[in-house]
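Dear colleague,

Please find below the structure that I am handing over to you. My notes on its packing follow directly after it.

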Amino acid sequence: MYFLSDQFFLDFDDPFLMKNKTVGGSTHNRPYFLAFPDVDEPRIYWVVPISSNVEKYTIQAQKIEAKYKVKNSNYTCETIRFGKVLGRDAAFLIQNMCPTIDMYMTPYLDKNGCPILPRNDVSTDVIRHATAVLAKVKRGVKMVFPDVLGMYNELKKKLQ
């Protein structure tokens, strides 16, 4: 899991990105993100914001599911997933995911300097759904809020 630097949000000024929180005038390093490498360009990572506001996103997911269950009774929300992080319930907001590169990423470490990792089953579920959503986005389906394809192309240029 990672934090994104303030520079990332300056370089990619998309109003739909979940920006770093400021508390008392200083950056609070929230939200944190689950990261996984892009299939085509492994130097680019897709990051999914993680929120502790589970109630809010449970209601959103239920509304999305109610809308699509009419066509498919087995439908579960693809753009908001749930799981535990550090023993607490969390919402993984695929709808707000975006691409980034190493220079903008800082690992989320515990007090002993060890990386914080979600449970394997949680990260597998989130990455599977994020990959499926991303495939639909690449086909022109609007499923995420930020302009992720534009950002992806800019990051590819930066890497050249």
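Which residues does F92 touch, not counting residues up to four places away in sequence? With contact taken as heavy atoms within 4.5 Å, F92 touches L34, V48, P49, I50, T79, I80, R81, F82, G83, V85, V122 and V126.

Please note that this is a predicted model, in which local features need pLDDT of at least 70 and side-chain atom pairs count only at pLDDT 80 or more, while totals for chains, interfaces and linings use all residues. Residues are numbered from 1 along each chain as its sequence is written, and side-chain values use heavy atoms, with hydrogens and water left out.

F92 is also among the residues with the most contacts inside the largest nonpolar core, which has 39 residues. Such a core is a set of buried Ala, Val, Leu, Ile, Met, Phe, Trp, Tyr and Cys residues joined through side-chain atoms within 4.5 Å; buried means under 20% relative accessible area, exposed over 50%, and partly exposed in between (1.4 Å probe, protein chains only). The helix α3 gives the most to this core, with 6 residues. A second, separate core of 6 residues includes Y57, A61, C77 and A91.

Helices (H or I, at least four residues) and strands (E, at least two) are DSSP runs, numbered from the N terminus. The buried residues of α3 (120-138), among them V122, V126 and V137, fall within an arc of 160° seen down the helix axis, so they line one face of α3; the arc is that of the directions from the axis to the C-beta atoms. These residues pack against β4 (32-37), β5 (44-51), β6 (80-85), β7 (88-93) and α4 (148-159). The face turned away from the buried side carries the exposed residues N120 and R128. After α3 comes G140, with a positive phi near 100°.

Rings of Phe, Tyr and Trp (its six-membered ring) pair if their centres lie within 6.5 Å; planes under 30 degrees apart count as stacked, over 60 as edge-to-face and the rest as tilted. The count by this rule is 9 aromatic pairs. In one of them, the centres of F12 and Y104 are 6.1 Å apart and the planes stand at 80°, so the pair is edge-to-face. F12 lies in the loop between α1 (6-11) and β2 (22-23), and Y104 in the loop between β8 (98-101) and β9 (105-107), so the pair ties together parts 92 residues apart in sequence.

Yours sincerely
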